[in-house]
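Dear colleague,

Please find the structure below, followed by my notes on what was found in it.

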Amino acid sequence: MNQCLAKSRRTGEGAVLPGQSVLSHCHIVGEVARAIMARMPDWLRLELFPAGAELIAAAHDIGKVSPTFQKKIYSALSQENEAVLSSLRGFNSDAEKLWGGHGGVSQATAEEQKTGKYIPEILGQHHGFSPNLALYQATSEVFGGQPWQTQRIELLSQLRQALAADFPVVIDGLQARVLAGLTTVSDWIGSGSLFEDPGIDWRPRIEQALDSAGFIQPRLKPGLSFVEVFGFPPKPAQTRLIEAANQPGVYVLEAPMGLGKTEAALYAAYQLLQKNLATGIYFALPTQLTSDKIHERANAFLERVLEDGSPHKQALLVHGNAWLKQFEMGEEGDPGGAWFAQGKRGILAPLAVGTVDQALMAVMNVKHGFVRSFGLAGKVVILDEVHSYDSFTGTILDALVKALRQLHCTVIILSATLTRERRDKLLGMAPQKTACPLSPYPLITAQPHSRDPVDVGAMEIAVEQIPDVLVAVAHHPENDAIEEVLRRAEEGQQILWIENSIQDAQDIYQKLAARTPGMGVSCGLLHSRFTKADRGAIEDAWVTFFGKDAADTRGQQGRILVGTQVLEQSLDIDADFLVTRIAPTDMLLQRLGRLWRHSETARPATAQREAWILSPHLPTAVVSPELAFGATAKVYAPYVLCRSLTVWRDISQVRLPGQIRELIEATYAAQDENEHMARHLHNLETTRGRLAGLALQGLSKGGTTQPEEKAQTRHNEIESTEVLLFRACSHDSVGKGTRVTLLNDERLWLPHNGRALQRKQWRKISAKLMQNTLKVADYLAPSAVSKKRIEWLGDYFYLGRPEYEESVMLRVALVDESGSVKLLDNGMANPNYHVSYDNVVGYRTTKTGTKI
């Protein structure tokens with residue numbers, strides 16, 4: 001056992017040396033887990049992290065005391081140990097994939113030792129996947145038989161003695177998930193650079209390692225008022241939410257766009273953190289774009305509430321590359337590891353803004369889902385724009401809210417447009433069986449943890465009514481809208497045009513941009529199919545032009561910003577005039593919320609608070625929705641589109657927020673339908689049932705654990721993949737590295753041994769490469785190449801683990817001077833589409849044979 005290695009280490013020259021032994025590494029990880037728990041508040045530790053949890057974490061790698069693993073690690077050393085390798089000659093390391101690697105051996109050993117319910121599975125899953133042990137047990141010959149099992153039992157005994165601990169009783173599956181998360185995160189930290197050298201005393205480094213990983217409690221300025229934090233007094237709805245959300249529970253704030261729901265939720269979170277009733281904040285947004293932009297407001301909030309010396313002030317609000325460069329999460333959190341991407345790591349940080357998808361995966365059977373459960377435990381979780389989720393995501397979201405209650409979280413749900421039925425589901429309440437009058441609006445629904453949602457229900461707290469504004473609404477064809485938009489822009493108006501598909505947005509942008517030269521009008525495009533770097537630049541420019549603080553630049557010229565649904569959610573943008581493609585009522589209301597958002601904004605004298613809706617003739621749409629709605633019918637259900645069009649077609653003006661509840665319920669209320677609409681409704685209900693079933697499969701703990709990249713949190717029949725774009729790349733002749741030219745013509749040298757770099761430099765290069773990626777539908781992406789062709793990127797991007805037979809989800813392509821996207825060998829990127837990319841239109845595909 002003393003010869004069994006857990007780790008190897010690579011020198012700057014590339015030599016591979018022995019690292020920590022299995023006993024030392026396991027002991028380190030147990031002490032890391034103990035130190036993490038010591039930093040938790042007593043109420044959370046007592047509820048979810050029992051004494052002895054550190055032994056579970058320590059036992060994770062007992063399966064490395066196995067002949068196949070030892071043969072693999074000794075074979076990789078630069079200096080061959082002939083005696084050891086000779087004794088392992090009869091074993092095949094490649095066979096490990098049959099039982100999930102050393103995690104499978106850990107699980108089998110713990111099962112044979114009867115360590116208690118859930119604990120063997122926790123040990124087996126610590127790399128994210130459940131091992132396949134159907135054909136194996138602890139004393140199987142491939143695991144070394146009884147002699148090796150005896151050594152593993154001895155290892156467990158020594159760990160019990162070293163930690164002075166024994167295995168705890170794990171109460172239920174949810175507690176098992178957070179303990180699995182603790183185990184995995186402790187393993188990552190315990191595998192970090194501070195513990196690589198077995199010749200250095202590791203004990204004094206435990207606390208330093210936790211600090212380096214970012215596990216530091218935020219230091220708050222006490223007693224700040226709302227005015228001191230945000231610079232303006234709270235509105236009645238904000239005050240009521242802050243008063244209601246004074247203890248853990250679930251709170252729903254329904255209020256119109258522009259009311260300041262974000263600030264209300266953040267201040268409520270600040271109060272809970274002050275009272276030690278929460279461990280941090282996770283602000284979950286519907287899309288990456290909206291989560292990127294909300295950072296500016298959240299950063300301003302942190303600037304006010306955190307003490308000057310708090311490390312969170314600069315970097316721990318996870319965004320962009322700051323956290324990636326500054327903090328070290330250990331082995332899996334290093335570049336090339338599965339957890340380096342900031343979108344994932346944010347859920348572990350004390351204060352973070354991210355996408356709701358990362359939170360949803362906390363309750364899904366997905367790789368490292370339990371790490372997310374652990375990361376959310378005890379936090380204030382703010383779920384924004386909840387109305388915008390379909391039946392598939394809604395089913396997972398309901399399960400998430402239920403789990404967050406059990407994880408002692410405070411859940412604050414923000415929405416402008418919820419139906420009563422959807423609100424009741426989120427709160428876990430039985431749906432109302434009798435017709436009831438419309439609820440007040442705005443409205444706060446409070447359900448503190450002490451309440452039983454079934455027996456007691458939730459408290460509805462009415463809020464002072466907000467004065468209505470009138471918005472003129474008109475339906476016009478696309479060609480008329482183009483002429484109107486150009487005319488108004490020439491007058492100096494700031495105009496939004498929102499489409500439902502990226503292709504449509506790109507087409508409209510090109511039509512408008514072709515007409516604007518010489519008019520003194522600026523035209524821009526914003527959607528999700530730009531590289532992160534380009535999207536960030538576009539957001540900074542265009543969203544700022546339309547933002548609250550753009551008074552100096554707003555009047556300089558007329559502007560037209562074309563975009564997709566990303567413009568309707570969570571962005572504080574203010575337009576003079578809106579054109580939108582028909583969409584479901586809740587989305588239309590969100591889009592109307594971008595109009596005349598701030599009363600103090602100076603506007604051209606000709607501007608009116610008005611929106612034009614591009615919509616087909618209703619009778620035609622009812623009979624042939626796919627033909628009438630075009631690409632929109634692939635994005636939204638035809639039944640909901642027809643119901644929305646029915647509600648909106650005769651409206652010439654709308655009162656906001658006074659009519660929001662009325663319009664939402666009118667769209668979604670059950671009613672008698674004609675033959676065509678009844679068929680569309682049947683199709684919708686069938687789809688909803690199927691989506692709910694698919695979502696429940698994703699929630700199931702049985703079956704195959706999904707890789708994170710394939711986990712579906714939104715329903716989409718089409719898989720997506722990540723694409724990395726370069727201008728050029730070339731390998732040196734001796735295989736030491738690759739020189740790449742980024743799309744902005746910056747040149748980077750990528751050593752094939754990234755670990756030879758200084759760790760901050762290594763992380764910086766990887767973060768910069770990630771800024772040159774985007775996500776596209778798999779069928780539109782450049783063709784995949786073998787992992788061997790891109791293994792030179794393995795120290796910078798996660799390319800999957802062979803023992804789990806993960807497919808590589810990364811595609812790599814070149815963009816030539818004309819904008820055409822080509823494969824690395826300059827071949828055609830996609831056999832069915834001409835693919836191009838530039839920083840104005842983004843990633844664009846045209847069916848092969850179509851005139852470009």
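Taking a disulfide as a pair of cysteine sulfur atoms within 2.5 Å, the count comes to zero disulfides. Of the cysteines, C4 is buried at a relative accessible area of 7% and C409 is buried at 0%, where buried means under 20% relative accessible area with a 1.4 Å probe and protein chains only.

This is a predicted model, in which local features need pLDDT of at least 70 and side-chain atom pairs count only at pLDDT 80 or more, whereas totals for chains, interfaces and linings use all residues. Residues are numbered from 1 along each chain as its sequence is written, and side-chain values use heavy atoms, with hydrogens and water left out.

Seven strands form an open sheet with mixed pairing, in the order 13-14-12-15-16-11-17; strands are DSSP runs (E, at least two residues) and helices likewise (H or I, at least four), numbered from the N terminus, and two strands pair if DSSP finds at least two bridges between them. Strand 13 (521-526) and strand 17 (653-656) each have a single partner strand, so one side of each is left without a neighbour in the sheet. The twist averages 20° from one strand to the next, with axes fitted to C-alpha atoms (for helices over the stretch in contact) and angles running from 0 to 180 degrees between N-to-C directions.

Within this sheet, strand 12 (494-498) and strand 14 (558-563) run parallel and are joined by five bridges, and I495 has I560 of strand 14 as its bridge partner.

Helix 21 (478-490) lies across several strands, including strand 12, to which it runs at about 155°, while helix 25 (585-592) lies across strands including strand 15, at about 160° to strand 15.

Best regards

Terms used. Contact means heavy atoms within 4.5 Å. Buried means under 20% relative accessible area, exposed over 50%, partly exposed in between (1.4 Å probe, protein chains only).
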